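Please take a look first, then follow the notes below.

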Amino acid sequence: IEIFKNKNDKIYLFDSYEGICPGEKCKIYDKDKDLLFYRDASHLIVEGSKTLTLKFHNFIKSLQKNKLILK
């Protein structure tokens with residue numbers, strides 16, 4: 001992905017992995033929040049996807065602020 005990003009400066013990629021898996025280890029289940037993220041090894045469930053909403057919104061706002069995309 002990094003090679004692709006570096007070769008294509010007009011393409012912006014949202015890093016969902018970093019949003020769900022900050023640090024070294026991904027949580028499948030957050031015991032403190034009673035929140036299940038995945039239905040299997042690589043597919044998010046609806047509740048897991050919703051955890052990315054604010055991060056994705058901020059990503060879009062950042063692109064707009066830097067005039068990289070239109071509102």
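D30 is buried in this predicted model, its relative accessible area being 7%. Even so, the D30 side chain meets that of K27 in a salt bridge, with 3.5 Å from N to O.

**The K27–D30 pair**
- K27 has a relative accessible area of 42% and is partly exposed.
- D30 falls in the buried class because its 7% is under the 20% cut-off.

**The E2–K5 pair**
- E2 and K5 form a salt bridge, and their closest N and O atoms lie 3.6 Å apart.
- These two residues sit three apart in helix α1, so about one helical turn separates E2 from K5.
- K5 is partly exposed, at 34% relative accessibility.

**The R39–D40 pair**
- R39 is joined to D40 by a salt bridge, with 3.6 Å between the closest N and O atoms.
- R39 counts as exposed at 58% relative accessibility, whereas D40, at 32%, counts as partly exposed.

- I1, F4, I11 and L13 make a nonpolar surface patch of about 390 Å².
- Where does I1 lie relative to α1 (2–7)? I1 belongs to the segment before that helix.

Terms used. Residues are numbered from 1 along each chain as its sequence is written. This is a predicted model: local features need pLDDT of at least 70, side-chain atom pairs count only at pLDDT 80 or more; totals for chains, interfaces and linings use all residues. Side-chain values use heavy atoms; hydrogens and water are left out. Patches are made of residues with over 30% relative accessible area and no salt bridge: like charges are joined within 9 Å, nonpolar side chains (Val, Leu, Ile, Met, Phe, Trp, Tyr) within 5 Å. Accessible areas come from the Shrake-Rupley method with a 1.4 Å probe; for residues, only the protein chains shown count as cover. A salt bridge is a side-chain nitrogen of Lys or Arg within 4 Å of a carboxyl oxygen of Asp or Glu. Helices (H or I, at least four residues) and strands (E, at least two) are DSSP runs, numbered from the N terminus. Buried means under 20% relative accessible area, exposed over 50%, partly exposed in between (1.4 Å probe, protein chains only).
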